[in-house]
Amino acid sequence: MALLAMRKARGCWSFIRAFHKGPEPAPAPQKDSMERIFSGIQPTGILHLGNYLGAIESWVRLQDEYDTVLYSIVDLHSITIPQDPTILRQSILDMTAALLACGINPEKSILFQQSQVSEHTQLNWILTCMVRLPRLQHLHQWKAKTAKQKHDGTVGLLTYPVLQAADVLSYKSTHVPVGEDQIQHMELVQDLAQGFNKKYGEFFPVPKSILMNLGDGMYNPPAGSQRSASASIAMLVWNLLDAHP
């Protein structure tokens, strides 16, 4: 009986030691050597010749140059100003049709609606808690847009560059096509990736910018009827959705 009790006691102590030891540490994630493109376009506004000559033509070309290419219709970015829900839903469909007509090939790239992937907003909140308010307030686009809107600028307009970072980092993107007026925002994306890696361990690749002449609506949030600097070519009003005889 004493021998049996000793065996049980040893088994008990082995269990307690194993419990307090905790689980084995997870292996460090392997680095993904694949090059991955991510870019987004807002569904609001008119798709015109300026868009095509700017970004969309480049999007079509990038499909053949990189391993994985993701393009998103970034509808969450468009609601930094009020939108009619019915018109916005139709605009998403119209933009999808126009991109496919311009040569975005589902067999070569992934085209999707931003708001259908909840991880964008989940990562956005984590990154928002990592960035300091003055950093966002010193971004050129925030200063320019609030100067025009005075007291009408929303918090969404202030924090949309963080959502942009979440869009890019959610897919561990390595390269992002940007216009000159988005360089500051890409620097924020890179800083957030590095800050996250420093705090939680190597996880996100630090994405590189591919500088391009981007047209209207490429990630720039709408500000009433105003347009961004890289979108001045938008004055070419050739609506690609028009029916031509």
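User: Okay, buried means under 20% relative accessible area, exposed means over 50%, and partly exposed is in between (1.4 Å probe, protein chains only). With that in mind, is C102 buried or exposed?

Analyst: C102 is buried, with a relative accessible area of 16%. A heads-up: this is a predicted model, where local features need pLDDT of at least 70 and side-chain atom pairs count only at pLDDT 80 or more, while totals for chains, interfaces and linings use all residues. Residues are numbered from 1 along each chain as its sequence is written, and side-chain values use heavy atoms, with hydrogens and water left out.

User: And C129, buried or exposed?

Analyst: C129 is exposed, because its relative accessible area is 53%.

User: How many disulfides are there?

Analyst: Zero, and that's from a search of the whole structure. A pair of cysteine sulfur atoms has to be within 2.5 Å to count.

User: New topic. What's the chain built from?

Analyst: The chain has nine helices and five strands. Helices (H or I, at least four residues) and strands (E, at least two) are DSSP runs, numbered from the N terminus. Along the sequence, the pattern goes α-β-α-β-α-α-β-α-α-α-α-β-α-β.

User: How much of the chain is buried?

Analyst: Of the 245 residues in the chain, 43% are buried.

User: What about contacts, how much comes from residues 24 or more positions apart?

Analyst: Those account for 79% of the contacts in the chain with a separation of 6 or more. Contact here means heavy atoms within 4.5 Å.

User: Let's look at α8 and α9. How do they pack?

Analyst: Helix α8 (residues 155-169) and helix α9 (residues 183-200) pack at about 60 degrees, and their axes are 9 Å apart. The axes are lines fitted to C-alpha atoms, for helices over the stretch in contact, and angles run from 0 to 180 degrees between N-to-C directions. So α8 and α9 are oblique to each other: under 35 degrees is roughly parallel, over 145 roughly antiparallel, 65 to 115 roughly perpendicular, and the rest oblique.

User: Which residues of α8 and α9 meet?

Analyst: From α8 you get Y160, P161, V162, Q164, A165, V168 and L169, and they meet H185, L188, V189, L192 and A193 in α9. That contact of α8 with α9 splits into ten nonpolar, two polar and no charged residues. Ala, Val, Leu, Ile, Met, Phe, Trp, Tyr, Cys and Pro count as nonpolar, Asp, Glu, Lys and Arg as charged, and the others, Gly among them, as polar.

User: How does α5 pack with α8?

Analyst: Helix α5 (residues 119-128) packs with α8 at about 125 degrees, with the axes 8 Å apart. That makes α5 and α8 oblique too. In α5, H120, L123, N124, L127 and T128 meet V162, L163, A165, A166, D167 and L169 in α8. The contact of α5 with α8 divides into seven nonpolar, three polar and one charged.

User: Where's L157, and is it buried or exposed?

Analyst: L157 sits in helix α8 and counts as buried, at 4% relative accessibility. Its C-alpha is 9.5 Å from that of Q141, which is 16 residues away along the chain.

User: What about Q194, how accessible is it?

Analyst: Q194 is in helix α9 and is partly exposed, with a relative accessible area of 44%. Q194 and P205 are eleven residues apart in sequence and 8.3 Å apart in space, C-alpha to C-alpha.
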